[in-house]
Structures are given as C-alpha cells and as structure tokens.
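User: Hi! Could you walk me through a few features of this protein structure?

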Amino acid sequence: MKPSALVTGATGYIGGRLVPELLTAGFDVRCLARDPDRLRDHAWAESVTRVRGDVLVAETLKPALEGIDVAFYLIHSLTTGLGFEQTEEAAARNFASVARDAGVSRIVYLGGMVPEGTPVAELSPHLRSRLRVGRALRASGIPTVELRAAVVIGSGSASFEMLRYLTERLPVMVTPKWVGTRIQPIAVRDVLRYLVGSAAAADEAVGAGGVFDIGGPDVLTYREMMLRYARVAGLPRRWILPVPVLTPGLSSHWVGAVTPVPASIARPLVESLRHEVVCADHRIAEVVPDPPQGLIGFDDAVRLARARVQEANVATRWASASVPGAPSDPLPTDPDWAGGSLYRDVREAEVDIAPEQVWRAVESIGGQTGWYSFPLAWAVRGWLDRMVGGIGLRRGRRDPHTLRLGDTLDFWRVEALERGHLLRLRAEMKLPGLAWLEMRVEPTAEGRTRYSQRALFFPHGLFGHLYWWSVAPFHAVVFGGMVRNLLRAARGD
C-alpha cells in the first residue's frame, strides 16, 4: 500500500513543485487548498486528491488529514502586518492538533534559517514567525522534521528574481550594508530532495523529529552572489558600493523599484539578510544522505534557474501564492449586485477569424505581449500601483503562451479559465473597489467569431466612484484599442 502525504500550500512556489516529486517517489498525494480549483490546470492535478480546507478553521482540516501518513506544512506569509505572527502560530496549532487526532505519523515543515546566537527579540518578524510555527507543530507530539533554509535559488523564486534583476539591471549599485552578510544558499532541487527524503526516511532515522539546517555547498556574501551571478550570465563586471544608510524599509523600496518583487514582499526577504545565515551543522545527512554527486553549488543552481527562465519552463513562481491584502472575492452573480453600483465597459466585435486564432491572442495577453493598447497608460498605472505599495505590472506571467487557473498576469490573477472560450481576470492592484476584466470567444451561427470584452468595477465608497469617473474618459482608447489590436494580432497583421 502506498504511503499517503498531504501537501498544504500546493498553490505556492515550493508546494506546487513538491507534488510531482512526491508522486514520482510513490506517494498517494492529497492537496489542501482554500480554493482547490486553482490546482485544476497543473499537469499533476488528475493524479492527486484535491480537498478544500483552511488551516484557520480546524473543522475543515479533518477530512483532509484523515488517513494521512505524512503531512507537509508549507504555509507561509511573505508579508507582515498587525497580528500576523499570532495568526500564523494559531494556524499551525490548529493543523497540528487535528493531525494528532487523525493519527498522522509525521509532519515535515519548511521554515527559515535562524542566525546562530541571535536573540529571538532581534530577529525579523518574518523569521520570528517561522520559529513560532515550528514550535507549535513540534508541540503536537507528532515527530516533526523542521527544515530551515536561507536563500532558495530556483527559477521563479522571490529570492532568485531579486538577485537576477538587481544584477542584470544595475551595472553600478549603491547597496545596503547587508550585501556583506554571509549566506548559505540552496538550490530548489535540493530543497525538494530534502522534503521528499524527510517524508520517506525510516522512523529510526527521524526519531522524534528535530530541527535541521539545510544549505548548499557554498557560503557567500550577497555581494559575492551578485558578482558570481553576473559571471555565470556572461555580464560585464558589476560595481557594488555598500553604504550604511539604507534601512530594511528603504532597501525594500529600492528592491521594489528595480525588480518585479514588490516592496511588501521584498521587506521580509531583506530583513532576513541582516544576520548571517549559515548552517550550524550538516546533521540532515543522517536523515537524508547526500546524493553521490554532492549538493548543487551556487553557480550550477543559477545556470539551471536561468535555463528554465530562458526556456519559459518555470513550473511555479513566487507570485503563485496569493498576494497578501489583494482582493480575493470572485465575480458575484448578477443578483448579488442588487442594491450596489456596478460600472461596466462592454465591447463586442464579430470577425471572420477562426475562434482558435482569437483565443490564442487572448491567452497570450500581458507580460511581454502587453495589453494590446496604449502601452504608456498601462505602464503609468503600474508605476502608480508600485508607488502606493502595490505589485505593479512587472510581475509578468509564468508562461508566454498558456495560462492556468490561479496564474498571475501582471497586476491581475486568472479567476476563471475555460480554454478556447472564457478568460476572466481579477485585479490585484491597489484600487478603491473590486475590478475584473473578462474576455469571451464564441463562434456564431453564421460561421464568424464573436469577441466580447467586459471591464467591471464595484466601487468602495465615494472615492471608488470618483476613481471610475476619473479614468472613464480613457476607456475608449484603452479598452476600445484592446479589442481592435487583439483582433489584429489574431489575424496575424
């Protein structure tokens, strides 16, 4: 009988990559998500059981954990806010309690590496929360393997994207002093190997569980990482000038201005780099032995990640997980709008183009393709969003040609996807209301193709109404141009 594993955080960066590795290793896999439909378009979706649940609601966890041998806890917040540490700890306690009652035999948790000798009070809220979550899981009495990693190098990881864009875009950098901090990065492939190995290890190897640092074979400063990245990428020498005046807050805004990683997500990453994060030991080899060829070095990890990016073969990205604070409300049905204002911009066209060609243009929208109209207006909207702490346009897309349900697309997220027919995007930019952009492709009885486009906005308060009317004069250019140029692209003009 196959061992069973539950993966939480399967919509996230690590979780989405762990699932196929577990399937290959012979596990019967179950995935827990608040919205299981977001896993629908993954290549492995039909090979797993998808269950709905929320770690903050204990009752929803019972069906998910029943009959599970190993549970992976991969739920993290990449931001901070009022009470977030308490919320994350409460979620871990819920999960551990239900797992104990369900008879789960092992928990595997991926946390953050803690600087040796640093008092807990001096840690960043991000790392402090990881510690609290680990303690809550271990307190259940279930053997818990807590793996602690520093910087993860892999295509699409927030840490890699930050390193890549800083190095590629800035030949001369005035940098914060944390670029001199020693770090032990690890390739994402080795992280996944440790996760799977921790689940598959014999009980004698795991014992009562424990805390294990995991890292690659290289210990580098962030400055050395940027210089070595430049060398691997074939870039001219980078000139890095550290200064002591950039605080973590200022540093995060600097990262947000240069890279696709917004300041809200960059801040916990930057704060974690204030202290040295180097493995205290290599005891993890007693649980998961090193591979014959050894661990993946930094240069090879960068080469592998860059190859994936260049081939547009990035399985998951840091943006796969929901952006904290972004609206998550799905588009309500029409009766639900009763008593409230709903602004619409509706456009439609019938053309003598095959539906497949029109859909191809629809599914390729955003990222490098752009939005088929008034690029400056879209760029300005992205800059404004960044200025108020939003994600802006630079988040791009996972794949240049195909989308999956739940994918991020610049400052939108794919909320509904019926391939060949419907694409609905939900805005995750900073807005005084909720917004959607919907595109439909339908064949007509006359053998033509109808393309329909709706922009919907549900305002919050007076400012929401003022916002709509302030941008309404530009809709003819932005949305009207989008229809014309999308259909022109579908025609191949």
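Predicted model: local features only at pLDDT ≥ 70, side-chain atom pairs only at ≥ 80, totals over all residues.

User: Is helix 12 oblique or roughly parallel to helix 15?

Analyst: Start with the angle: helix 12 (residues 355-363) and helix 15 (residues 475-491) pack at about 120 degrees, and their axes are 8 Å apart. Angles of 65 to 115 degrees count as roughly perpendicular and those over 145 as roughly antiparallel, so an angle between these ranges has another name. Helix 12 is therefore, relative to helix 15, oblique.

User: What kind of aromatic pair do Y343 and W468 form?

Analyst: Across the whole structure, a search finds 9 aromatic pairs. For Y343 and W468, the ring centres are 5.2 Å apart, with 5 degrees between the planes. Planes under 30 degrees apart count as stacked, so the pair Y343 and W468 is stacked.

User: How many residues apart in sequence are the parts that this pair ties together?

Analyst: Y343 belongs to strand 14 (residues 343-351), while W468 belongs to helix 14 (residues 461-471). The pair therefore links parts whose separation in sequence is 125 residues.

User: Does Y343 count as buried or exposed?

Analyst: Buried means under 20% relative accessible area. Y343 has a relative accessibility of 15%, so Y343 counts as buried.

Terms used
Residues numbered from 1 in each chain as written. Heavy atoms only, no water. Axes fitted to C-alpha atoms, helices over the stretch in contact; angles between N-to-C directions. Helix = DSSP H or I, 4+ residues; strand = E, 2+ residues; numbered from the N terminus. Parallel < 35°, antiparallel > 145°, perpendicular 65-115°, else oblique. Phe/Tyr/Trp six-rings, centres within 6.5 Å; stacked < 30°, edge-to-face > 60°. Buried < 20%, exposed > 50% of the residue type's maximum accessible area, 1.4 Å probe, protein only.
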